[in-house]
Amino acid sequence: MSGVHPRFQIFRGAICLLVFTLALLGLARAEGGQRPLQVKSPLLRTPWTAQVSTARPLPEYPRPQLVRPDWLNLNGPWQFQAAGAGDAVPVRRTLRETVLVPFPVESALSGLARHEAAMWYRRTFTLPAGWAGRRILLHFGAVDTVAAVYINGQRVGTHTGGYDSFSFDVTPHLERGVNEVIVHVLDDTGAGGMPVGKQRLEPSGIFYTASSGIWQTVWLEPVAPTHVSRLTLTPDVPGRALRATVQGTGQGRVHLTARAGGKVVSSVAGVLGQEVRLPVPSAHLWSPDDPFLYTLTVTVEQGGRTVDRVQSYFGMRSIGLQTVNGWTRPVLNGKFVFQIGTLDQGFWPDGLYTAPSDAALKFDLVKHKQLGFNMVRKHIKVEPQRWYYWADKLGLLVWQDMPSMMTEQPVTPGAANEFVRQYRRIIDQHRSSPAIVTWVNQNEGWGQFAQAPLAAAVKRWDPSRLVDNMSGINCCGAHDGGNGDLADWHVYIGPSSPSPSVRRAAVLGEFGGLGLRVPGHEWSPVTSFSYEMQASPGDLNRRYLGLVDSLRPMIANAGLSAAIYTEITDVEGEVNGLLTYDRQVMKVDAPRLRAAHRALIAASGSASTRVAIRPGPVAFQVPGKPTFLLYTADPLQVGSLPAGTSAADVKAATLVAVPGLADPTCASFRSSSDPQSYLRHRESLLHVETDDLNSVGFRQDATFCAERGAAGTGVTLVSYNFRAAAIRRYQGTLWLADRGGDQPWDGGMAYPVDVTWRVVAPPHPSARWFR
């Protein structure tokens, strides 16, 4: 090669590249049956848009917890055609268009970028010669919503449900040489009766573009007649074992071997379909800070001969509830660790439901780790199994939502049954992921039904995890089933916290929603919105860090155990993300956020600073000054009592402490002259008012929880229903002020001092400060 002229080397390289490109185009034509596909340009391009292969996108093996070496990826160009009612199956017929599988038809990467309610997919394939004599399985990661599958013109099965994987044994229908697969898909988005999550045919606001058709990897796999179909792996940390059930077809002996770093930990034998206990002595526990995974080899034997072998992995960790420092808490491996994460909707501007590449799928989770989060809530969507693999491997706790049904339509008995059937399949398919610690059944009352029975059923199906019967029980007409493991509030902007009970931990399932527009990186600049728009990156950072700072006292004093910020990325018209929708711009100062999140997690063990106020007459004095909380004016003021004060003057500074109207462990403060009037906040100001005590809102507004004040002196009176806000002195007037708020009376260096009060006996005219 040393004697070849450099220009000839360049020319030869160009020829090789051209030949390789033509070969790829020929492959695309042969496999798809159409001329090469041209994807469309999305409204926003991610860093991976241009890297998507139109010959074989998403080439990675799609099922990391049940891996075999032999498989054939069927992603790539498929023939496509809209379907009409009564259409004959288009056997051996060329369809009019081409679609790039596995991208939903509404996405730009599919090459179509439009919705179809009914559609045909078609392609051909040839099996590798080495597969002869084995059963052939055809796998679909997910198809939205109803799929009927045909091989060589013969129907092999149907599947209903847009979020779980399914397979068919197509062996009896195969022919020598070229085989044809046709998929007929019906998508009922908008019709009701099926879980659809946030998909809408007319997207707007917090609902987004639908994703119809094949949207996860399609592949073929050869297996023996007796083979593994599913692994159910449940860590039993107290029992120092992994509970494992190898599901499969046929009958046979199974052997399981666990390894750590290549070294055998233990082995066990059993029977296909029956649970075995694989010893894991001195387990290396999985956690977000140390996401250690064991490798697992499973073999199936018949007559002393191995007929199937799969590779897998598992993590040893426990999750449950315990009483910690007086509060009911979720505990990971027996220890309370505050869970801080984001709402992750899983949408992409180029692929919609489908990430453009495995690197993209991993990207959002990596950003969570870099930002110091230890948890992520997968919001009303179920991801491909590789997403959970990355969560397992990187170390993120996952709250997994069940996709909701349409919010605008009542849930019929048939629709409820379909929801339950699909939910159980989703749980079964993902229950072996150590990262998943919570199942979230329903959200804000969307398509809600049978909250308590559903939560009880999910707990029976999977007692090894926490169950959230309704995320956002305080929001939007939601009905709390009253059971499950979590009491879950949504507060925008927040933060705030429900009260834990003996049976349920308190969590903040959604808060935040701070927005920042980034020109050139918006899906819809005209309609971009957020819950609270920020003017600059500096404003966004200050406001966000203020919200995080507001969470800290809620952990120790309100029993808050988890908080989920909306959201990790912008999504279509929403610009609430820490990242832009195209994943091109990080809007926040990542090192500062990471430090704040890690400090918040480190505060998990902080002791409560709650203070009990005994019932009876009290006054609130400004520390070190002859100044009191007075209610002679409205809104309330702080001021001094005059010399020679009268009994009426004294009453203006005297309140009567009683057990909290909304929570008896806190306090409410009644007027000393009118037993029907109470100190309460309204529109950020403090008033003493008479209201209907049967009103839940009034009782909450009139309840305050006392905490130790600045430097451990005095008390801070924190709102019961806005746990980040306290009664503050600001320019002589009393405000309900939030340390992380953006109003003039919020936050600032003086905040800790201005919210501190001395609780004293009612003043007397002879006291020295009146002289």
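**Reading the model, feature by feature**

Reply: Helix α3 is followed by Gly 395, whose phi is positive, near 95°. Helices (H or I, at least four residues) and strands (E, at least two) are DSSP runs, numbered from the N terminus. This is a predicted model, in which local features need pLDDT of at least 70 and side-chain atom pairs count only at pLDDT 80 or more, while totals for chains, interfaces and linings use all residues. Residues are numbered from 1 along each chain as its sequence is written, and side-chain values use heavy atoms, with hydrogens and water left out.

Me: How many residues of helix α3 are buried?

Reply: Buried means under 20% relative accessible area, exposed over 50%, and partly exposed in between (1.4 Å probe, protein chains only). In helix α3 (residues 385–394), 7 of the 10 residues are buried, so the helix is largely enclosed by the rest of the structure. The buried residues of α3 are Arg 386, Trp 387, Tyr 388, Tyr 389, Trp 390, Ala 391 and Asp 392.

Me: Which residues does Arg 386 touch?

Reply: Contact means heavy atoms within 4.5 Å. Arg 386 belongs to helix α3 and is buried, its relative accessible area being 15%. Not counting residues up to four places away in sequence, Arg 386 touches Glu 60, Tyr 61, Pro 62, Pro 64, Asp 358 and Leu 361.

Me: Which residues of helix α5 are buried, and where do they lie around the axis?

Reply: One looks at the arc, which is that of the directions from the helix axis to the C-beta atoms. In helix α5 (residues 451–461), the buried residues are Gln 451, Leu 454, Ala 455, Ala 457, Val 458 and Trp 461. Because these residues cover an arc of only 160° around the axis, they are on the same side of α5. On the other side of α5, Pro 453 and Arg 460 are exposed. The buried residues of α5 pack against α4 (413–430), β28 (436–440) and β29 (466–468).

Me: At what angle do helices α6 and α7 pack?

Reply: Axes are lines fitted to C-alpha atoms, for helices over the stretch in contact, and angles run from 0 to 180 degrees between N-to-C directions. Angles under 35 degrees count as roughly parallel, over 145 as roughly antiparallel, 65 to 115 as roughly perpendicular and the rest as oblique. Helix α6 (residues 537–557) and helix α7 (residues 590–602) pack at about 5°, and their axes are 10 Å apart. The two helices are therefore roughly parallel. From α6, the contact is made by Asn 541, Tyr 544, Leu 545, Val 548, Leu 551, Arg 552 and Ile 555; from α7, by Arg 592, Leu 593, Ala 596, His 597, Ala 599 and Leu 600. By class, this contact has 9 nonpolar, 2 polar and 2 charged residues. Here Ala, Val, Leu, Ile, Met, Phe, Trp, Tyr, Cys and Pro count as nonpolar, Asp, Glu, Lys and Arg as charged, and the others, Gly among them, as polar.

Me: Let us turn to the loops. Where does Pro 623 lie, and with which residues is it in contact?

Reply: Pro 623 lies in the loop between β35 (616–621) and β36 (628–630). Its relative accessibility is 33%, so Pro 623 counts as partly exposed. Leaving aside neighbours within four places in sequence, Pro 623 is in contact with Arg 729, Thr 756, Trp 757 and Arg 758. The C-alpha atoms of Pro 623 and Arg 758 are separated by 5.8 Å, although the two residues are 135 apart along the chain.

Me: Which residues are joined by cis peptide bonds?

Reply: The angle to read is omega. A cis peptide bond joins Asp 144 and Thr 145, with omega about 15°; Thr 145 lies in the loop between β6 (143–144) and β7 (146–151). A cis peptide bond also joins Gly 494 and Pro 495, with omega about -5°. Pro 495 is in the loop between β30 (486–491) and β31 (505–512).

Me: What is the phi of Arg 92?

Reply: Arg 92 is not a glycine, yet it has a positive phi of about 55°. This residue is found in the loop between β2 (76–82) and β3 (97–101).

Me: How many helices and strands does the protein have?

Reply: The secondary structure comes to 10 helices and 46 strands. Of the 771 residues, 58% count as buried.
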